Each structure stands twice: as C-alpha cells, then as structure tokens.
Number of protein chains: 2
Amino acid sequence: MSKYAFGVDIGGTTVKIGLFDKDGCVLDKWEIPTVKDNEGAAILPDVAESLRAKMEEKGIQLSDIKGIGVGVPGAVDDEGTAVNGAVNLGWGVFNIPKVLNGYLDVPVKAANDANVAAFGEMWQGGGKGYDNMVAVTLGTGVGGGIIIGGKILSGATGAGGEIGHMHVEDAETESCGCKNKGCLEQYASATGIVRLAKRRLAKDDKASVLREGTISAKSVFDAVKAGDEVAVEIAEQFGEYLGKGLANVAAVVNPEIFVIGGGVSKAGDILISYVEPVFQKYAFTACRGAKFALATLGNDAGIYGAAGLILREDV
Amino acid sequence: MSKYAFGVDIGGTTVKIGLFDKDGCVLDKWEIPTVKDNEGAAILPDVAESLRAKMEEKGIQLSDIKGIGVGVPGAVDDEGTAVNGAVNLGWGVFNIPKVLNGYLDVPVKAANDANVAAFGEMWQGGGKGYDNMVAVTLGTGVGGGIIIGGKILSGATGAGGEIGHMHVEDAETESCGCKNKGCLEQYASATGIVRLAKRRLAKDDKASVLREGTISAKSVFDAVKAGDEVAVEIAEQFGEYLGKGLANVAAVVNPEIFVIGGGVSKAGDILISYVEPVFQKYAFTACRGAKFALATLGNDAGIYGAAGLILREDV
C-alpha cells in the first residue's frame, strides 16, 4: 500500500520539493538548487538523489511511494514530454517520466508549472471543492491555469490558460513582452498596474501619496486602503480590464470559480472588490454564478499540484 | 456485437434522427415533428416509437443497438439531466437517459445540441482528425462548442463555448439579445453583419450594390465576391471582430482548429480569408498554429454528434 507521494516544482533557480501523505497533507518540504550547466542534465538526477536521501532519512521504502509529480517551466504534453524544451532550465525535448524513471522506478507525471500550481489550488487551496476552475496569477506577468472536470486544460501547444495575452485594448501603443499590443498582462500584472499608475499620475496634478516614493502594485493598493482617490481610480481601471477579461474567459470555459493568486493578490479581498462587479457587468447571464476567491497556497501551490497529479483519484 | 447507433437531434420544430453503423456512416436519416403540448411530454416517447419502427423496418434487434445519443436545446449536465429544463421544448428538469430508458433499454447519452453539433464536426466533419477544436456557428446568433481532448467542454452551468457573448465592443449602444452591450454576436452573426452593413451604408453615399434590395449576410458576401468596395469594408469589419474574438478564445483553450459553420459560413472560404489574418495578428504566439476550416456536415452535424457520443471510443 503506497503511503506517500512527492511533489517537485522545478524553477529556474531552485527546485521545491514536498513529501505528502496519501491524504494530501505535506509532511516535509525543502529546496535544492537548480543546476543549469550542461543543458540542465543534472537537474533530474539531483532531484532523484534528494528524494532518495529524504526516504532514507524518514525510513520510507520505494514501495511506499505512489509516485512523483513534476512541474516544469515550459510546455509539457500529456505524456510528460517537454515539447519545446524548457528554455529556462536549458533543457531540450525529452520525456520527463522516462528519464526520471531511469533513476527512481515509480510512476511519474509531469506538467507545466503554471498549470500544476492551478491544479494545486483546486486540490488543496483556494479552489478546493471545485473542479471547473480558472486560476489567475497576477505577478510580473499575468498567468492562468484552467481546470475542467478536475483535469488540466493544457491545449494544443501547451498554451491553454495564457489569459495574460488576451487582447483587451486597441489603443495601446507600447508592446507587451509577447510583442503584441494591448494584452491583459499590460494592465493587470504588477508591472501593468505600475504603468496604469504612472499614466494616471501624468494626466494631472491631483494630490496622491503615490507621487512620493517608488510606485508598485503594493503601494497602489496600500494607497487605496488609505482612501487615496487617485489610487482608487487606478484600481478601478485595473478592475475594468481584469473583470472584463475574465468575463470573456467565462464565456469560453464557464468556470465555477476564479482563484486569484500571485504577488499582486497579496492586496487581499479589496482586489476582488474591484474585479468582481466588473465581471458581473460584462459576463454572460449563465456565467455570472462564478465565484471569486484568493489563492491560499502561495509558493507551495506548485508542490501541492505536482503531488496532486499523483494522489488525486481521477486525474 | 452491437452494430448500430442512433443519433437524435431534438429541435423546437422537428426531431432529426439518424441511424449509423459502428464505423460512423449514416445509413438512414429522417425527421419527426416535435410535439410540444403538455410540457413536451410526448417528445421522448415519440422518438422511441420512431426508433422502434425503424428497427422493425430494417430488421434490427435491440441487442444490435450500441446506444442512442441525444442533442437537446438547453443546458445538459454530465449525467444527461436537462438542468434548467429545455424552454424551447416545454421541458422541466429531468434526466433524459433515464426517461428514454423507460421506453428503450439501451445506453443513452444526452448533451446540449450546440455542443453535440460541434462534437459531430470533430468526429466526422470539418474538424475530423483533431481533438482540440472550437466550433463557431455563425447563424442568427453566434454559437460555439468547445472540444478538449475529444470531450465536450460544457462548463459549470452548460454555458461553455458561449463565445457569441464575449464582450468585444465598449462603444456599442444597442443591446444584445442577452441584454449586455457589445457582444461578439452583435457583429459576427447574420443579423450582426446586417447591422454592420446598415451602419456603414448610413455613413456616406459611396456607391454599392448593397444600396438596392434587402441586405443579408449572403448579399454582403455576394457583393464582396463581386468586388463591391463598401461590402469589402463591411467584411473587413466583421473579420476584425471575429478574428480578434477568436484570438482571445485561443488564449484560453489553445485549440488545434477552428471550424466555422452556420448559415453565414455558406459564403465559403472567402469568409475565412477575412478572419484568419486578423486572428494571426492578435493571437498569442504559441496559439497561432490554429487552423481554420469550414464545417462540412451542415444540418446533419447534430445527428452525427449525437451518434458519436455513443460510437466514438474515448468519450
């Protein structure tokens, strides 16, 4: 009887790892450095060695391990192949479960890290209890992860849920990182909010605490909480873009819940208060029942989701 | 060994029925009237009676029938329950397979008619060979059906794929049938194209064949084919709305192919020539590989899709 699973979240700097019991509780978590030399050839052997060391430390046999879930920063197909390689790791195209099985012979599942984090939030986080969910990650960019019927929607080329690159503004003159103009990411990410703030501040001389110090998504929402009128206008503009964008996402996949995470979401429920009313205004009637919640797993969403690939029954 | 399946497409006026062999070829197709009296209580018994008569005519035993697929004009959950009733049929909330099994004891699957038609196009029509597909139906309204991994994406409340109600125009002053303003349907449906045409013609006095006779989506695309400059402008505007809308759909579900059907699609490949370049301009890089094709099954998509619910292996 398998008692445990490992969740492995491979990032460009560190690999986060969690040991989970079969009920999905994390028993231990730790990190190892991501060694990217030689096209990242050492990454999976390093992971395997770290898992073996942990098993020895805890007195766990290989037969006690139900499997290993792996989140990877790149497109991964349903068989666990990094289809375009994982550029940030130096990886070329190869099948992750097969390679990892060369070191540790237990079931392995691999998927894109953003999708795995979304899966984690559905399984044990802000979306717990729902199996039609859209995760929205508001960080440096805007990421997304779509879970339908309890399964990750990865899409034809692994770009399912790339909602940050929906076109939402015809009048934009600056380019997004993806080279298009007017992407949702240009207004709803941490950097997008700073852009909205700078544009608003440049418009007139209205007093605002944002005119002092460095502007960040955090400083904008702190100012909103302090009642700063200019900051409220910026938050309204942010909410208009994101709420309208998510209304369009809902017309496509009709989720039960949106779970908002990423650094910007640390602003808390006030963020949702600027997004949800706009969503309700623009959403198709039958889609308006969608709930909004904050992500709860933070940086651990990846290890939870990776373990969930193994432990959640109907994946 | 089951040799046959029935595909049943229940509409507000007629029920279309097809008898299919196990390879998905239609052997016979016919229609019966939809009797909506008494909350549509006779519809399923009438269907059962018609299927029994056909089996008798063809010398087919019940044991030769693998099952019956049913498309219904309304939201249907994964168990085959018409969750909000089917208003156009007079139906309340009930489980379609269970009721139909009271008359004919073979496996029954039921789903929303637009989604079933999309499934038919994927199985035997314009999307054959692809299992990540978005069907776009340009008729009186704009409908959609999304197939992911060979399965219908019906969504939390059966509104998955309602892409006609994506918000695409902030400046709209008239209301859509759904009561919102600026829905894709207001520009890309048959009636939407007529609206675009009337607005364009009212703008100035530029000569156009569209100034004579009744304007329809057909007359607009006929005029485009004849080189009418005003009609070309209207088609460009249509393509701008639809291409941009589908780029946003692609950022969400990243399909392999868009299959365009409905009355407007009778214009043929020229329609795609106005949509695809705009899609390519606005789509996220990783989503640009999506193909465009015309639907090929016409009004038979529903019976094909319904039979496919039974016959296609991995549904």
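Good morning. I begin at the interface of chain A and chain B, where two salt bridges are found. Please bear in mind that this is a predicted model.

One of these links joins the chains through B:Asp170 and A:Lys244, whose closest N and O atoms lie 2.8 Å apart. Which elements of chain A supply the side that touches chain B? At least two residues each come from β7 (142-148), α8 (229-253) and α9 (269-282) of chain A. The most is given by α8(A), with six residues. Sorted by class, that side of chain A holds 18 nonpolar, 13 polar and six charged residues.

Let me turn to the extent of this interface. The size of an interface is often given as the accessible area lost when the parts come together. Here about 2,800 Å² is buried between chain A and chain B, and carbon and sulfur atoms give 57% of that area. Which residues of chain A lose the most area to chain B? They are A:His167, A:Val252 and A:Phe284, and together they make up 22% of what that side buries. The contact takes 37 residues from chain A and 37 residues from chain B.

I return now to A:Lys244. Within its own chain, A:Lys244 also forms a salt bridge with A:Glu240, the closest N and O atoms being 3.7 Å apart. How far along helix α8 of chain A are A:Lys244 and A:Glu240 from each other? They are four residues apart in that helix, so about one helical turn separates them. Over all chains, the structure holds 32 salt bridges.

B:Glu169 sits in the loop between β8 (151-152) and α5 (185-188) of chain B. Leaving aside residues up to four places away in sequence, B:Glu169 touches B:Lys181, B:Gly182, B:Tyr187 and B:Tyr241. The side chain of B:Glu169 also reaches the backbone nitrogen of B:Ala171, at 3.0 Å. B:Leu184 is 15 residues from B:Glu169 along the chain, and their C-alpha atoms are separated by 7.9 Å.

Finally, I come to a pair of helices in chain A. Two packed helices are described by the angle between their axes and the distance between the axes. Helix α7 (residues 217-225) of chain A packs against α9(A) at an angle of about 85 degrees, with the axes 10 Å apart. The two helices are therefore roughly perpendicular to each other. From α7(A), the contact is made by A:Phe221, A:Val224 and A:Lys225, and from α9(A) by A:Ile270, A:Leu271 and A:Tyr274. By class, this contact has five nonpolar residues, no polar residues and one charged residue.

Thank you for your attention.

Terms used:
Residues are numbered from 1 along each chain as its sequence is written. Chains are lettered from A and ligands numbered from 1 in the order in which they are written. This is a predicted model: local features need pLDDT of at least 70, side-chain atom pairs count only at pLDDT 80 or more; totals for chains, interfaces and linings use all residues. Side-chain values use heavy atoms; hydrogens and water are left out. Contact means heavy atoms within 4.5 Å. Buried area is the accessible area (1.4 Å probe) that two parts lose on being put together, summed over both. A salt bridge is a side-chain nitrogen of Lys or Arg within 4 Å of a carboxyl oxygen of Asp or Glu. Ala, Val, Leu, Ile, Met, Phe, Trp, Tyr, Cys and Pro count as nonpolar, Asp, Glu, Lys and Arg as charged, and the others, Gly among them, as polar. Axes are lines fitted to C-alpha atoms, for helices over the stretch in contact, and angles run from 0 to 180 degrees between N-to-C directions. Angles under 35 degrees count as roughly parallel, over 145 as roughly antiparallel, 65 to 115 as roughly perpendicular and the rest as oblique. A polar contact is a pair of N or O atoms within 3.5 Å; within protein, one must be able to donate a hydrogen and the other to accept it, and residues adjacent in sequence count only if both atoms are side-chain atoms.
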